[in-house]
Amino acid sequence: MKKVAIFPGSFDPFTKGHEDVVLRSLHLFDEVIIGIGHNSQKKRYFDVDLMMEKINEAFKNESRVSVIVYDELTAKLASKYKANFMVRGLRNTTDFEYENSIAQINKYLNTELETVFLITSPQLAPISSSIIREVHKYGGDVTPFLPYEL
């Protein structure tokens, strides 16, 4: 049976930390679907179509990675794409507390969905999308933190 994982997030922007999670996930799964979701609690900084284009560009040589945009419950999305795994990256214990709660609800909504947590590679742990947005907003160079050119 094909092992399909979904990697959901707002990816505003998609960082080298996110890229690292996807690349490491490819050692565990046959296919990884990057799902750019709409978070009702966040206003996007980078246009979703631009982010989809940039993520596709970053993985143009990896046929086992695809990118989609969605606006529904992640647990339902996983069912739709026959993904029995959800991948999440953890930078610290704060991330774990938040992600653990989400994983429990997703398991309730979709009993077939297993969440797999990958610890962020140490050199990438300080990178967060919110910090990158601030640096970009005020004219700083974010190139070292992104797997593509803006």
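E31 and K2 form a salt bridge, with their closest N and O atoms 3.0 Å apart. By salt bridge I mean a side-chain nitrogen of Lys or Arg within 4 Å of a carboxyl oxygen of Asp or Glu. This pair links distant parts of the chain: E31 is in strand β2, residues 31–37, while K2 is in the segment before β1 (4–9), 29 residues apart from E31. Helices (H or I, at least four residues) and strands (E, at least two) are DSSP runs, numbered from the N terminus.

A word on the source. The model is predicted, so local features need pLDDT of at least 70 and side-chain atom pairs count only at pLDDT 80 or more, while totals for chains, interfaces and linings use all residues. Residues are numbered from 1 along each chain as its sequence is written, and side-chain values use heavy atoms, with hydrogens and water left out.

K2 is exposed, at a relative accessible area of 52%. Here buried means under 20% relative accessible area, exposed over 50%, and partly exposed in between, with a 1.4 Å probe and protein chains only.

Next, R88 and E99. Their side chains meet in a salt bridge at 2.8 Å, N to O. R88 belongs to strand β4, residues 85–90, and E99 to helix α4, residues 93–109; the two are 11 residues apart, and the pair links distant parts of the chain. Are they buried or exposed? R88 is buried at 16% relative accessibility, and E99 is buried at 6%.

Then R91 and D95, whose salt bridge is 3.0 Å from N to O. R91 is partly exposed at 35%, whereas D95 is buried at 15%.

Across the whole structure, the search finds 9 salt bridges.
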